[in-house]
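Thanks for coming. I will take one protein and go through its pockets, its cores, its domains and a few backbone details.

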Amino acid sequence: MPGFELFGPEERKEVNDVLETGILMRYGFDGPRKGIWKSKELEAAICKTINCNYTQLVSSGTAALTTALAALGIGAGDEVIMPTFTFVASFESVLSVGAVPVLTDVDETLTLSPEAVRKAITLRTKCVMPVHMCGAMADLDPLLKICKEHNLILLEDACQSFGAKYKGKHLGTIGHAGTFSFDFVKTVTCAEGGGIVTNSEDVYTKCDGYSDHGHDHKGVDRGADLHPFIGYNYRISELHAAVGLAQIRKLDQFLAIQKKNHSILKNILEELPEVSFRSIPDPAGDSHTFLSWFLPTEEMTRGVVAELKQQGVLPGNFYWFDNNWHYFRKWDHLRQAATLSKLNDAQQKTLMALDPAGYPASDKIMSRCISTAIGLLWTEEQAKEKGQKIAAAIKKVAATSLQVG
Ligand SMILES: *Cc1c(COP(=O)(O)O)cnc(C)c1O
């Protein structure tokens with residue numbers, strides 16, 4: 001991770017196909033485009049790769065989430081259960097359709113704790129949105145069971161986990177719908193892009209229209225299309241889809257490299273008694289974009305982060321607890337409901353009630369967690385060296401805390 005590390009002549013060739021015709025838009029212009037349909041081709045390739053019936057490409061992962069929520073009928077006042085550890089796009093998309101984000105604790109899977117989800121359910125809950133963070137999966141069986149019992153929609157945010165699986169099925173294809181991001185730092189990149197995947201023809205048809213001004217795409221020319229409902233413009237361009245098409249053909253290669261480098265790193269850190277690892281409900285399905293590990297205390301974790309920084313090896317090691325984008329503790333703008341235009345009353349009330357100290361169970365996990373990003377370009381030597389430097393930092397900090405203690 002990320003796919004851009006292996007950008008090359010294959011991506012340039014696909015983009016050039018589009019530049020040759022000059023038809024940069026995914027719809028229409030059937031004659032002049034001379035049979036070049038990169039967006040359609042990428043949608044078919046995604047369906048084939050992850051074994052699902054429908055894919056709708058859009059302009060970003062955030063647009064994919066917004067489109068999926070709308071297509072699933074989630075709107076004003078509906079509550080969406082989402083984790084405290086995710087990317088800001090989770091609450092952005094929920095707010096954008098008028099719904100209420102209900103922040104809910106994570107467990108050692110680094111995403112929704114099924115127990116916490118049960119407690120968060122109210123009469124207004126409509127959807128549970130686990131986020132498959134850092135390349136691996138949520139505890140899906142218990143979450144599916146809860147959704148079934150309470151008649152809730154399960155929307156999988158698989159933006160960070162393209163190619164990962166749970167019990168043989170690709171993430172994103174297990175709930176009512178799933179979303180992917182193909183932004184510049186994801187496993188497969190389009191530069192910017194996203195996709196909604198589903199096995200429901202109804203959900204797909206709604207995504208298809210919603211992301212293109214409500215066009216029904218049944219007319220022979222765009223001008224003749226009908227608009228059964230109101231949509232927006234979240235279209236992807238042919239240039240972006242072209243990049244993704246070359247990238248998705250490299251997915252197996254990306255996954256194989258990640259698995260190898262992940263295992264080199266894990267073998268080294270495993271030797272240390274202080275280190276434990278993220279709980280992964282189906283380890284065989286991990287896409288290995290990150291190795292996420294825990295230390296026994298926040299103090300020790302902060303010590304290791306400081307030591308890595310001092311040695312110049314912090315880049316690539318993420319301490320999410322202090323991160324502005326990924327952990328709710330730093331989402332001041334959300335707690336202040338700092339929007340440019342008015343929210344609805346239910347949204348306003350929920351956001352103003354958010355307490356930075358309100359999620360001690362999440363704090364206890366995230367304050368001890370570091371995720372190491374797995375590079376695609378590392379040599380075996382480099383992977384070992386990275387592992388050894390991290391191990392040395394942990395040993396040094398462990399020794400000093402023993403002396404102090
Ligand atoms: C990247 C990401 C998104 C949003 O994707 P963009 O394409 O950057 O809009 C949403 N959710 C998660 C978990 C992500 O990592």
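Which helix gives the most to the lining of the largest pocket? Helix 14 does, with five residues. Before going further, this is a predicted model, in which local features need pLDDT of at least 70 and side-chain atom pairs count only at pLDDT 80 or more, while totals for chains, interfaces and linings use all residues. Residues are numbered from 1 along each chain as its sequence is written, and side-chain values use heavy atoms, with hydrogens and water left out.

Some terms for the pockets. Helices (H or I, at least four residues) and strands (E, at least two) are DSSP runs, numbered from the N terminus. On a 1 Å grid over the protein atoms alone, a pocket is an open set of points where a 1.4 Å probe fits, with protein on both sides within 12 Å along at least five of seven lines; lining residues have an atom within 4 Å of a point. A volume is the space filled by probe spheres set on the points, which are joined across faces, edges and corners.

The largest pocket comes to about 650 Å³. Its lining has 29 residues, and those nearest the centre are Met1, Phe290, Gly316, Phe318 and Ala373. Two or more lining residues come from each of strand 12 (317-318), strand 13 (369-373) and helix 14. Domain 1 (3-251) and domain 2 (252-404), with bounds from an automatic or database domain assignment, each supply at least three residues to this lining.

The second largest pocket has a volume of about 320 Å³. There, 17 residues form the lining, with Tyr27, Gly28, Trp37, Lys40 and His217 nearest the centre. Helix 2 (38-50) and helix 7 (201-210) are the elements that give two or more residues to this lining.

Now the cores. A nonpolar core is a set of buried Ala, Val, Leu, Ile, Met, Phe, Trp, Tyr and Cys residues joined through side-chain atoms within 4.5 Å. Buried means under 20% relative accessible area, exposed over 50%, and partly exposed in between, with a 1.4 Å probe and protein chains only. The largest core has 77 residues, of which Phe85, Leu155, Leu269, Trp293, Met366 and Ile394 touch the most other members. Helix 14 (residues 380-404) turns up again, as the top contributor to this core with seven residues. A separate core of 41 residues includes Ile50, Val117, Val128 and Ile146.

How far apart are the C-alpha centres of domain 1 and domain 2? They lie 25 Å apart.

Helix 8 (residues 238-248) is mostly covered, with nine of its 11 residues buried. Its cover includes helix 1 (9-21), helix 2, strand 1 (54-58) and helix 9 (251-269).

Last, the backbone. Most residues other than glycine have a negative phi. His213, in the loop between helix 7 and helix 8, has a positive phi of about 55°. His288 also has a positive phi, near 60°, and sits in the loop between strand 10 (276-277) and strand 11 (290-294). Is each one buried or exposed? His213 is partly exposed, at 38% relative accessible area, whereas His288 is buried, at 9%.

Conventions:
Contact = heavy atoms within 4.5 Å.
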